[in-house]
Amino acid sequence: MGQRTITGTVVDESQQGLPGVNVFVRNKSSKTVTAGDGRYSIQAATGDSIVYSFVGMKVMVVPVRDRSSIDVTLERTTTSLQDVVVIGYGTVRKGDLTGSVGVVNMEDAGKAPVSNFAEALAGRIAGVQASSADGQPGASINLVVRGANSINYSNSPLYVIDGFPFEDPQPASLNPADIASITVLKDASSTAVYGSRAANGVVVIETKKGKLGRPVVTFNSSAGWQSLQKKVDLMNAYEFVKYQEELNIVRATPDWTAARYYSNGRTLESYKTIETIDWQDLIIRNAAPFMNYDIALRGGAGGTRYSISGNIHDQEGVLINTGFKRYQGRLTLDQTISKTFSAGLNANYGYTDTYGPPAASGQFTNYTLYQTWGYRPVAGEGIDLLNDVVDPDNNVVNNYRFNPYLSRTNDHTQQTSGNLNAALYVSVNLTPSLVARVSGSIYKRTDQRDLFYNSNTPQGSPKIPENTRGINGSVFFNQFNIWSNENTLTYRKRFNDHAIDAVGGFSNQYTKNQQFGYSGMNLPNESFGMSGLEEGQVYASVASVSSNSLSSVFGRVNYGYKSRYLLTVTFRADGSSKFKGENQWGYFPSGAFAWNVIEEPFMKSQRLFSNLKFRTSHGITGNNRVGDFAYAARITMPLVNSYSWNNASPTHGLIQSALENKDLRWETTEQTDIGLDAGFLKNRVELTVDVYRKTTRDLLLSADIPGASGLTTSTMNIGSTQNRGLEITLNTVNIEKRDFTWSSNFNISFNRNKIIALADGQQSLTGSSLIASNLYMSFVGQEAGTMWGYVFDGVYQYEDFDSPSPGKYILKKQLPSNGNARNTIQPGDQKLKDLNGDGTVDIYDMTVIGRSQPVHTGGFTNNFRYRNFDLNVFMQWSYGNDLLNMTRYQYEGNGSRLADLNQFASYIDRWSPTNPSNTLYRAGGQGPLARSTSRLVEDGSYLRLKTVSLGYNMPKHVARRLYMSDLRLHCSAQNLLTISGYSGLDPEVSRVNSILSGGLDFCAYPHARTITFGLNATF
């Protein structure tokens, strides 16, 4: 057919007409723009396709066919000033925001193949750091907003999911595909409405609801695999035996090398042809399966809107016998009963199953990678390392070697969790401007942890000298219940140029936690597994019940004049049972002001800015994250304090385990924020800048106390910390053509942390110890979590010694010792700096050797669209932080000087008479044991290609032939490439979740590379 006139209307998601939309016929010159009410008219033929393009909206391509009228609804892609942002107890237009708020682009985040939403947040919002102790499937994710406030206690934000607050949610129980929006409230003005628990920021999550219209079914499926990004190179059989020869000489012990390796005519040269056992190949999966499926039905008719969804997630770990599974379902129902009344239900149930032993917890000799890397790759004749449970040559107290493959495959460790969250609400429109809402929710979580150690595990084998429990197992239950009630009045009114949005209310929350369990040993029949636990002897049990309650009154008023001058005032009072008497109540006020300069008359004629707003806020928020009875003195009856009279059943002894502190009170954080929001080129370029300062006082601190009290620490309000920072976010629409668009998001965050004060007279706090003591120290006046140790000064060379006779070496008098006796130090030994100049290196020469906190972090997202193809590329980085690689202490120098412990291949280049290395000391030349040095501190900076997703949107007419309205095929990858100078497996780890001990790496489970293929179908 020939050309004809096509008419129609282009509207946005709220059905408002869109003026200025570019409308053109693909591959032809015919084009127009929509009028003020969104209407248009254009010439097109039956076989043509019309393209609708508008800044900030998704481009839509519609085939003409036999139609003469085409109406189109465009969806937003990038943020605009009209976007509605979810904040505490309500919503607000982005253009009317007075506080500092970060909004996650859920379309981008949803393309990351991850098991829970928190994994996808790293680098996506300025000022928000997301990290985990390691990459084990099901590992918890730690979010920190604008730096850590607390020293001893949790720094995780408060989560508000569909209106209900949680201090310790289980992100893994929530299906990421169910999430409609994630908003992070960062400054005191936006968080103060949650007062008592908002000092660490607030993460507000809204899930998807039903919309009026026909039922819509969505089905998302993805499947793929995970693999390690890199492996560690280890010594082969020849290199290992050669190293044992050298170590044997230094240890001056009987010649175990000859006895173990040189029998029946074998020599060192023999091991060049003897097979090397690669234990890593036995422990590591090269292609661990990853699968995720979810389905949803959403719609609405009349006064009813509904949403039903379900999810199955199955992920195996890259280390054998580890993995994570989730089974989840959600139901939401919103019912408009009349013009006055409405009600709704929101329920979510998630069941998670995390299995496999933690790769790096408990006694470090049982760490999976510690066993794997250290187990020798070859043995002498008559020993079957692959099938023997233990290494017969190395099975002594405190130094046994257990077959890592058998240990891994026989360990039964399983953590299951059932999470039910259900909420009901009733809303009453008292007047057109006044709405009352009453809601109640229940959160019930039941955790079960099963441990079973049979005879082929280190904890249960009779061949291990330290195992006094025989075959043993444990079962523990944790029941966590929260009952919440929220009651609010919301008033919204516009008087000519004045607008008021006010909310006030009160809430109550009660939390109860119960723990039960027991451990049995000497189980007579290991084939029964956990079901035979009752047949053993009980050697430990736990039974505890604890509870706390919180009552709150709150209010917030937003006032706007012509959307030009914006004022927010917030106040909240919280009463917590965690404190006593008059200290139970805390009061948290805040205020914010914004000047929307773009709304001024004098800005109408300029063309540079399409948005310009200045913001400032100041306020106080609180933290009560201590034990339920931290203020009370406590008496306990631990098993170790029991006594058996005449070999009878032990009688428990009583000891005081905590001192009373009736003055314990709220920890408070005072924060000031100054911000700028600017838009250019009709908001194709959007810039947000925030400068902030947070000061936390009355720290809830586990403070040191005199040992004469019978205790070493007590919970007190002592000390202060400060965080100062700069956040920059830049959104751009770089190219917008007929068939090609390119948009970007860039964010960068700088945060400086400082300890202002500790307990009276206390100038420092110690951090974690692992192999070596005092690996970290935090000093008043400096940032928390600095690495502490000795300064590596190379390796002693021949010229550092006098040689009175051949083969005899005496350290020159003017040179300091490394802490060993001077007459024992030899060429090739580790050299350390004598900082105080007393001629020997001891604890007085320890100093700061590294920083665990980054100078800046950030993320960079690029979205490309070419016709029906779309490409999302997300990069994330951390710069300026150090990592303490304690793995190298043990496997690049054998700092504990253990026999038959394999080493990294890098240690082949150690010092020898013919290879005078100044970086790797000789075999056995580490000097005094258990010393952390600057040699182990590495630059932890990295740039990671975090997420890449390539998709193809099937043409509408093809999708319809398949009985679908939309179909997208995609390939996605996570952790695809990492650029870093770090020698370990993964720079994005920290074994200890504490501000006092950040950046510690010791045999951590690395983050895997994930590649998936999938589809998104809509029916």
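**Figure 1. Serine 817 in the loop between β45 and β46.** In this predicted model, serine 817 lies in the loop that joins β45 (808–811) to β46 (830–832); helices (H or I, at least four residues) and strands (E, at least two) are DSSP runs, numbered from the N terminus. Serine 817 is buried, at 2% relative accessibility. Buried denotes under 20% relative accessible area, exposed over 50%, and partly exposed the range in between, with a 1.4 Å probe and protein chains only. Apart from residues up to four places away in sequence, serine 817 touches Tyr796, Leu811, Arg822, Ile825, Gly839, Thr840 and Val841, where contact means heavy atoms within 4.5 Å. Aspartate 838 is 21 residues from serine 817 along the chain, and the two C-alpha atoms are separated by 9.8 Å.

**Figure 2. Alanine 199 in the loop between α2 and β16.** Alanine 199 is placed in the loop between α2 (188–191) and β16 (202–207). Its relative accessible area is 4%, and alanine 199 is therefore buried. With neighbours within four places in sequence left aside, the contacts of alanine 199 are Asn149, Thr621, Gly622, Asn623, Thr669 and Lys694. Leucine 835 is 636 residues from alanine 199 in sequence and 41 Å away in space, C-alpha to C-alpha.

Figure 3. Tyrosine 89 occupies the loop between β8 (84–87) and β9 (90–93), and its phi is near 60 degrees, a positive value in a residue other than glycine. The relative accessible area of tyrosine 89 is 16%, so this residue is buried. Arginine 146 sits in the loop between β12 (141–145) and β13 (158–161). The phi of arginine 146 is near 55 degrees, likewise a positive value in a residue other than glycine. Arginine 146 is buried, with a relative accessible area of 1%.

**Figure 4. Threonine 253 in the loop between α3 and α4.** The loop between α3 (237–251) and α4 (256–261) contains threonine 253. This residue is partly exposed, with a relative accessible area of 31%. Threonine 253 and arginine 935 are 682 residues apart in sequence, and their C-alpha atoms are 28 Å apart in space.

**Figure 5. Cysteine 971 and cysteine 1003.** Cysteine 971 is partly exposed at a relative accessible area of 28%, whereas cysteine 1003 is buried at 1%. The structure holds zero disulfides, a disulfide being a pair of cysteine sulfur atoms within 2.5 Å.

**Figure 6. Overall context of the close-up views.** The protein has nine helices and 55 strands. Its radius of gyration, taken over C-alpha atoms, is 32 Å, close to the 31 Å that the globule rule gives for 1019 residues, so the protein is as compact as a globular protein of that length; the rule is 2.2 Å times the number of residues to the power 0.38. Along the principal axes, the C-alpha atoms fill a box of roughly 100 × 75 × 65 Å. Of the 1019 residues, 54% count as buried. Among contacts with a separation of 6 or more, 69% are between residues 24 or more positions apart.

**Notes.** Residues are numbered from 1 along each chain as its sequence is written, and side-chain values use heavy atoms, with hydrogens and water left out. Local features need pLDDT of at least 70 and side-chain atom pairs count only at pLDDT 80 or more, whereas totals for chains, interfaces and linings use all residues.
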